[in-house]
Amino acid sequence: MGNELLFREAEENDLAFLVMAERLCFPPDAWTESLLRAHMDSPVGKTFLLEKGGEPVAYLLASVILPEGEVLRIATLPHHRQGGYAKALLARFLETVPLCFLEVRESNTPARRLYEALGFIKTGTRAHYYQNPTEDACLYKKDNDTHNRLGKLL
């Protein structure tokens, strides 16, 4: 196993990990166990894990109604940050949806750099969207289908 990375969809027995990870990665706005369960039970809710050596290091929550996907949460456990795991997880998720949207705190420069490095384009702003503290959200979009069509034409 060692350093192997595995991208997989979360299962019921991953719920305890997700609750713990939310508390570590998103205080004071962590999703509750009931909210995470509802997301996992939703027909459009998708939860993905990235494992290293059999242990989860990052996770992604999304809403998917093909051809669109929306990233709702993406996080790497604090002691695994700066290892490229969020980028690997998001890149793998992007292979599953032709069109992807997300929003991010305006002040979250590392996340914005990650999204832009993966080809997301800022499309707008939502004023005062976030709380704790109040902050604007930057809206991003990535159209994989346009990229694929252009590649086929060239």
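These notebook entries record what I looked up in the structure above.

**Entry 1: the model**

I worked with a predicted model, in which local features need pLDDT of at least 70 and side-chain atom pairs count only at pLDDT 80 or more, while totals for chains, interfaces and linings use all residues. Residues are numbered from 1 along each chain as its sequence is written, and side-chain values use heavy atoms, with hydrogens and water left out.

**Entry 2: the sheet**

I began with the strands (E, DSSP runs of at least two residues, numbered from the N terminus, as are helices, H or I, of at least four). Seven strands make up an open sheet with mixed pairing, in the order E1-E2-E3-E4-E5-E7-E6. Which strands stand at the edges? I found strand E1 (5–9) and strand E6 (121–130) there, each with a single partner strand, so one side of each has no neighbour in the sheet. On average, neighbouring strands of this sheet are turned by 25 degrees against each other, direction ignored. Two strands pair if DSSP finds at least two bridges between them. I noted that E6 pairs with strand E7 (residues 135–143) in the antiparallel sense over six bridges. Within these strands, Gly124 stands opposite Leu139 in E7.

**Entry 3: helices on the sheet**

For angles I used axes fitted as lines to C-alpha atoms, for helices over the stretch in contact, with values from 0 to 180 degrees between N-to-C directions. Helix H2 (residues 33–41) lies across E2, strand E3 (55–65) and strand E4 (68–76), and runs at about 105 degrees to E2. Helix H4 (residues 109–117) packs on the sheet and touches E4, strand E5 (99–105), E6 and E7. The direction of H4 makes about 160 degrees with that of E5. Turning to H1, I listed its buried residues (under 20% relative accessible area; exposed is over 50%, partly exposed in between, with a 1.4 Å probe and protein chains only). They are Leu15, Phe17, Leu18, Val19, Ala21, Glu22 and Cys25. These buried residues of H1 pack against H2, E2, E3 and E4.

**Entry 4: Thr47**

I then looked up Thr47, which is placed in strand E2 (residues 45–52). Is Thr47 buried or exposed? Thr47 counts as buried because its relative accessibility is 3%. Its side chain makes a polar contact of 3.4 Å with that of His39. A polar contact is a pair of N or O atoms within 3.5 Å; within protein, one must be able to donate a hydrogen and the other to accept it, and residues adjacent in sequence count only if both atoms are side-chain atoms. Leaving aside neighbours within four places in sequence, Thr47 is in contact (heavy atoms within 4.5 Å) with residues including Arg8, Leu18 and Leu60.

**Entry 5: aromatic rings**

My search of the whole structure gave six aromatic pairs. Rings of Phe, Tyr and Trp (its six-membered ring) pair if their centres lie within 6.5 Å; planes under 30 degrees apart count as stacked, over 60 as edge-to-face and the rest as tilted. Phe17 and Tyr59 form an edge-to-face pair, with 6.2 Å centre to centre and 90 degrees between the planes. This pair links distant parts of the chain, 42 residues apart: Phe17 is in helix H1 (residues 15–25) and Tyr59 in strand E3. Phe17 counts as buried at 14% relative accessibility, and Tyr59 is buried with a relative accessible area of 1%. Ring pairs also link Phe7, Phe48 and Phe93 into a cluster.
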